[in-house]
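I opened my notebook today with a model to look through.

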Amino acid sequence: HMTGDIHAVTAANNLLAAQMDARIFHELTQKDGPLYDRLVPKIKGVRKFSPIQLRRLQRLGINKTDPDSLTPEERTKFARLDIDATKIMWNRVVDLNDRYLRKITIGQSPTEKGFTRETAFDISVASEIMAILALGNDVDDIKERLANMVVALDKTGKPVTADDLGMTGALLVLLRDAFEPTLMQSLEGTPVLVHAGP
């Protein structure tokens with residue numbers, strides 16, 4: 001538990017997995033209009049895109065900044081990630097080699113309305129987030145790498161990223177203390193900087 005890096009990576013990785021499954025669930029259970037309204041709600045009568053949503057619009061080739069100016073087709077394109085449940089490549093992680101978690105079925109609660117799928121747990125240090133934390137040059141580089149992580153493919157075969165899920169900022173918040181190395185001491189009394197998992 002030395003630096004807390006593994007705990008931070010585990011939390012960030014699993015938050016992204018939970019958000020992806022929640023998004024799949026909401027897309028399966030809501031029509032386009034209500035889904036769009038949830039993603040871009042009116043606050044005190046005003047609807048505004050967040051910076052991460054504006055980035056998604058740019059990637060989609062929609063050059064509008066007023067949420068009320070989108071056509072119904074553009075709203076659907078923006079709101080639906082259409083993740084192909086058979087093409088998800090993002091697993092949850094745990095800092096333990098537990099062989100019985102290598103393949104699991106999620107979504108068995110009655111509240112999930114029968115939307116189950118097979119997935120797996122990996123060990124925390126094998127998370128792509130750990131690699132990014134260990135190899136990133138600075139906060140901006142880490143942010144860009146986190147944003148570009150591919151978590152799944154949509155039904156047309158296009159990649160779905162952490163940024164598409166709106167998770168980049170939340171991941172950065174969870175990882176911010178793990179950016180710094182920890183000063184420790186070796187058995188011989190030499191100072192050592194310990195950082196990241198690999």
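**Ground rules.** I am working with a predicted model, where local features need pLDDT of at least 70, side-chain atom pairs count only at pLDDT 80 or more, and totals for chains, interfaces and linings use all residues. I number residues from 1 along each chain as its sequence is written, and my side-chain values use heavy atoms, with hydrogens and water left out.

**Aromatic rings.** I looked up ring pairs, taking rings of Phe, Tyr and Trp (its six-membered ring) with centres within 6.5 Å; planes under 30 degrees apart are stacked, over 60 edge-to-face and the rest tilted. I found three aromatic pairs in the structure. One of them joins Y36 and F78, which sit edge-to-face with 5.9 Å between centres and 75° between planes. Y36 belongs to helix α2 (residues 32-39) and F78 to helix α4 (residues 72-79), so this pair links distant parts of the chain, 42 residues apart. My helices (H or I, at least four residues) and strands (E, at least two) are DSSP runs, numbered from the N terminus.

Y36 is buried at 0%, and F78 is buried at 3%. I also noted that ring pairs join Y36, F49 and F78 into a cluster.

**Salt bridges.** My criterion here is a side-chain nitrogen of Lys or Arg within 4 Å of a carboxyl oxygen of Asp or Glu. How many salt bridges does the structure hold? I get 13, and I followed three pairs in detail.

- R23 and E27 meet at 3.0 Å, N to O. They are four residues apart in helix α1 (residues 5-29), which means about one helical turn separates them. R23 is buried at 7% relative accessible area, and E27 is buried at 10%.
- D164 pairs with R56, their closest N and O atoms being 3.2 Å apart. D164 lies in the loop between β9 and α7 (168-175) and R56 in helix α3 (residues 51-59), so the bridge ties together parts 108 residues apart in sequence. D164 is buried at 9%, and R56 is buried at 9%.
- K64 pairs with E74, with 2.7 Å between the closest N and O atoms. K64 is in the loop between α3 and α4 while E74 is in helix α4, so the pair ties together parts 10 residues apart in sequence. K64 is partly exposed at 25%, whereas E74 is buried at 19%.

I then checked for linked bridges: R55, R56, R59, D163 and D164 are joined in a network.

**Helix α6.** I asked which residues of helix α6 (residues 139-147) are buried. They are D141, I142, L146 and A147. Counting contact as heavy atoms within 4.5 Å, I see the buried residues of α6 packing against α5, β9 and α7.

**T161.** This residue is in strand β9 (residues 159-161) and is buried at 12% relative accessibility. A polar atom of the T161 side chain lies 3.5 Å from the backbone oxygen of A147. Setting aside residues up to four places away in sequence, I list R59, A147, N148, M149, V150 and V151 as touching T161.

**S124.** I located S124 in the loop between β7 (121-123) and α5 (128-135), where S124 is buried at 0%. Beyond its neighbours within four places in sequence, S124 contacts I6, V9, T10, V93, V94, D95 and M130.

I count two strands as paired if DSSP finds at least two bridges between them. Strands β10 (residues 182-185) and β11 (residues 191-194) run antiparallel with four bridges, and T182 stands opposite V194 in β11. Five residues lie between β10 and β11 in this hairpin, and G189 in the turn has a positive phi of about 90°.

Methods. Buried means under 20% relative accessible area, exposed over 50%, partly exposed in between (1.4 Å probe, protein chains only). A polar contact is a pair of N or O atoms within 3.5 Å; within protein, one must be able to donate a hydrogen and the other to accept it, and residues adjacent in sequence count only if both atoms are side-chain atoms.
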